[in-house]
Amino acid sequence: MKTTCQVCMHHCNLDLGQIGICRARKNVDGVITCINYGQITSMALDAIEKKPLHMFHPGSRILSVGSFGCNLRCPFCQNYEISMADRNMAETRYLEPDALVEIALQCKPQGNIGVAYTYNEPLIGWEYVRDTAKRVRKAGMKNVLVTSGTIELSYAEEILPYIDAMNIDLKGGNEAYYRKLGGNMHSTMAFIACAAKTSHIELTTLVVPGENDDIREMEQMAEWIASIGRESGKEIPLHITRFFPRYHMTDREATEIGSLHRLAQAAGKYLKHVFIGNC
């Protein structure tokens, strides 16, 4: 019996036993099941600025965890070993939500303020984010989400009340470019607008030469960001970061630093906080 997964824009129609595009959701006896629940591939105590979050508890650290799988197919992914992996390829350690919270609490003397769900796409395993985030909040710590914002809003509403801060990838302002990456620009934009109502958000755009480095496109994107929540949108930080050739995209050089500065200047016409990264 085929069953359709409703979690993201792909709406994978899966046969019994079939796994979706994200490699993390499976049709088990007619029920779409999260198969990466609690399956941790990566864990590190990071500086909050690495998320990147520059205006949320600067100088602090956060316990960062990731699983496997992603519902996009970015050819330049820096975490492709886990984001493009499935359950058989990824080396995992199972951690129940309570166990992860205990580790986070143990890291408080090292400056830890909570848990960041990151490295792969955490929203494809939203159930684990929800269950853990509730416990992290109850323990008096913070929840951070690092995501491409690729989830249907009905599911996003399950986790947004427990998320304190997010860094959301806004790949660009062009739907054709989003399609190249296996995504949907309007789906991400809807998530950003929704998330801005409940959490501190910062956005990141990785500038890939020849793909999303048009000045006018950056201005239009920044103008849209500034429109979110009226005056508050101008306060949303935007990180414009440098591309380096990796994974399946080695056919071009790293982004020119001058290009990043020109794009940042264009975005700065509308936004108060524009940062340049990866330089």
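I began with Thr250 and its exposure: Thr250 is exposed, at 57% relative accessible area. For these labels I took buried as under 20% relative accessible area, exposed as over 50% and partly exposed as in between, with a 1.4 Å probe and protein chains only. Thr250 sits in the loop between strand E13 (238–242) and H8. I named helices (H or I, at least four residues) and strands (E, at least two) from DSSP runs, numbered from the N terminus. I also looked up Pro75, which is 175 residues from Thr250 along the chain, and found the two C-alpha atoms separated by 9.2 Å.

A note on the source. The model is predicted, so I kept to pLDDT of at least 70 for local features and 80 or more for side-chain atom pairs, while totals for chains, interfaces and linings use all residues. Residues are numbered from 1 along each chain as its sequence is written, and side-chain values use heavy atoms, with hydrogens and water left out.

**Two buried residues**

Next I looked up Ser83, which belongs to helix H1 (residues 80–83). Ser83 is buried, with 2% relative accessible area. Which residues does Ser83 touch, not counting those up to four places away in sequence? I found Arg23, Gly69, Cys70, Cys77 and Asn120. Here contact means heavy atoms within 4.5 Å. I also noted Phe68, which is 15 residues from Ser83 in sequence and 5.2 Å from it in space, C-alpha to C-alpha.

Thr118 was my next entry, in the loop between strand E9 (112–117) and H3. Thr118 is buried as well, at 6% relative accessible area. With neighbours within four places in sequence left aside, I found Thr118 in contact with Lys51, Ser64, Val65, Gly66 and Val146.

**Salt bridges**

How many salt bridges does a search of the whole structure find? The search gave 14. I counted a salt bridge where a side-chain nitrogen of Lys or Arg lies within 4 Å of a carboxyl oxygen of Asp or Glu.

I looked at Glu127 and Arg25, which form a salt bridge with their closest N and O atoms 2.6 Å apart. This pair links distant parts of the chain, 102 residues apart, with Glu127 in helix H3 (residues 126–138) and Arg25 in strand E3 (residues 25–28).

I then looked up Glu211 and Lys180, whose side chains meet in a salt bridge at 3.0 Å, N to O. Glu211 is in the loop between strand E12 (200–207) and H7, while Lys180 is in helix H5 (residues 175–180), 31 residues apart. Lys180 counts as exposed at 59% relative accessibility. I also found that Lys180, Glu211, Asp251 and Arg252 are linked in a network of salt bridges.

My last pair was Lys269 and Glu219, with a salt bridge of 2.7 Å, N to O. Lys269 lies in the loop between H8 and strand E14 (274–277) and Glu219 in helix H7, 50 residues apart. Lys269 counts as exposed at 58% relative accessibility, whereas Glu219 is buried at 11% relative accessible area.

**Helix packing**

Two packed helices are described by the angle between their axes and the distance between the axes. The axes I used are lines fitted to C-alpha atoms, for helices over the stretch in contact, and the angles run from 0 to 180 degrees between N-to-C directions.

I looked up H7 (residues 215–227) and H8 (residues 257–267), whose axes come within 8 Å and cross at roughly 40 degrees. That makes H7 oblique to H8. Under 35 degrees counts as roughly parallel, over 145 as roughly antiparallel, 65 to 115 as roughly perpendicular and the rest as oblique. The contact is made by Ile215, Met218, Glu219 and Ala222 of H7 with Arg262, Leu263, Ala266 and Ala267 of H8.

I then turned to helix H2 (residues 97–106) and H3, which pack at about 45 degrees with axes 9 Å apart. H2 is therefore oblique to H3. From H2, I listed Pro97, Asp98, Leu100 and Val101, which meet Tyr128, Asp131, Thr132, Arg135 and Val136 in H3.
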